[in-house]
Amino acid sequence: MRTQVGIVGGGPSGLLLAHLLHLQGIDSVVLESRSEEYVIDRVRAGVLEQGMVDLMTAIGVGDRMRREGLVHHGINISFAGALHRINMYELTGGRAITVYGQNEVQKDLNHARRTTGRPMFHEVENLTLHDFDSGSPRIRYRHQGGEQELQCDFIAGCDGFHGVSRPSIPEAAVTAFDRVYPFAWLGILAEAAPASEELVYTWTERGFALFSMRSPTVTRLYLQCAPDEDIALWSDDRIWSELNARLTTRDGWKPNVGPILQKGVTGMRSFVVEPMRYGRLFLAGDAAHIVPPTGAKGLNLAAADVFVLSQALAEFYRSGKCALIDAYSDTCLRRVWRAQRFSWWMTSMLHLSGDENAFDRRRQLAELDYLTSSRAAMTSLAENYVGFPII
Ligand SMILES: Cc1cc2nc3c(=O)[nH]c(=O)nc-3n(C[C@H](O)[C@H](O)[C@H](O)COP(=O)(O)OP(=O)(O)OC[C@H]3O[C@@H](n4cnc5c(N)ncnc54)[C@H](O)[C@@H]3O)c2cc1C
């Protein structure tokens, strides 16, 4: 089989890239190791930056998002028992975030791919990358019992942090930057109407908590926990009691309680590999970088990467020029490092690392006080949180 761009991974970055390329008349084949249902059902991100919303709208995959997504003009920061609202819409000249689950984004992208009629294969096995330092890369894999080979002009490694694309690059050709945090998030999805219309990021002496939502009937909540936390030790009662202890404010605001639909522990890590390209292999999304989820940047960075890549490949196929291809890694890394800085800052301001002393806690509280009372500080948070334009 032959195509122009072989896309490894059918998550958000792979399928968004596939659609962006399709709109430029560029052919691709998407190869995904999991089943379609598995990829859709994974509970992950849910906050879309203004730029991602604008991108999905511009390329015709945003209809359901605009109907069902929850547009938020502000977020709340809570500490010392009180909520402080930051009006992002006003501070950024009319930009906002949209709460729309990654599952829903994935469904819309899968649907878009199907309507193009271009190939997308699920449950591929033993995928390996070959000759991507030459002009004719190849991808070998097993599908439905048969060995396959895909010849392509370029390979897009959109296969997430644990995929095969990044490790296929010779180790000496890349540099990895890594920080692992001494805490994780215990996240739940609960069938309960959100008690606040907007997200609440909470600092407490018991550790961080985040109140969030996925729809008018489903609440998403997180608790800071140990990286090796055993979820089996957390009964539903224990989770609700800890959430209430951290989130309840002095004036009595607290989340609504309901049946827990899903729970899990997510590790916290900052990671970047440079450069994001080797020969004709391009890394995009979580394959190249991951951020702690505090800044809600992972999915949005993936969208920004593949937009840059689609523009670069479109220029190449239109004119034969390689300028945008050659700039791909640097263009993406500038945004990636800004998002890394912001995600690290939000994470360090709001979590207890376990080795801080009384001075460090007072300093965190002073920073939160400054953040919620200075227009300059609120503007800085707001413009980073709603994100910088993608298109
Ligand atoms: C557990 C978890 C929870 C998260 N929670 C949040 C959150 O609360 N908020 C937030 O903002 N972000 C969150 N994120 C980050 C966000 O979900 C990611 O940034 C986003 O999914 C990146 O998209 P991607 O397509 O680059 O990678 P992925 O979504 O990881 O997609 C990669 C795809 O490649 C496939 N694949 C892997 N290996 C192969 C192979 N060898 N061959 C073929 N296919 C392969 C995978 O099955 C997967 O479908 C979370 C991530 C994880 C892992």
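1. The lining of the second largest pocket comprises eight nonpolar, five polar and five charged residues, where Ala, Val, Leu, Ile, Met, Phe, Trp, Tyr, Cys and Pro count as nonpolar, Asp, Glu, Lys and Arg as charged, and the others, Gly among them, as polar.

2. This is a predicted model, in which local features need pLDDT of at least 70 and side-chain atom pairs count only at pLDDT 80 or more, while totals for chains, interfaces and linings use all residues. Residues are numbered from 1 along each chain as its sequence is written, and side-chain values use heavy atoms, with hydrogens and water left out.

3. The volume of the second largest pocket is about 280 Å³. Among its 18 lining residues, Thr 347, Ser 348, His 351, Ser 353 and Gln 364 are the closest to the centre. Strand 13 (175-191), helix 10 (323-350) and helix 11 (358-373) are the elements that each give two or more residues to this lining. A pocket is an open set of points on a 1 Å grid over the protein atoms alone where a 1.4 Å probe fits, with protein on both sides within 12 Å along at least five of seven lines; lining residues have an atom within 4 Å of a point. Grid points are joined across faces, edges and corners, and the volume is the space filled by probe spheres set on the points. Helices (H or I, at least four residues) and strands (E, at least two) are DSSP runs, numbered from the N terminus.

4. Around the ligand there are 29 residues, of which Ser 13, Glu 32, Arg 42, Gln 102 and Asp 286 come nearest. The shell has twelve nonpolar, ten polar and seven charged residues.

5. An N or O atom in the side chain of Ser 13 is 2.7 Å from a ligand oxygen atom, and a polar side-chain atom of Arg 44 lies 3.0 Å from an oxygen atom of the ligand.

Definitions and conventions. Near = heavy atom within 4 Å. Polar contact = N/O pair within 3.5 Å; in protein donor to acceptor, adjacent residues only side chain to side chain.
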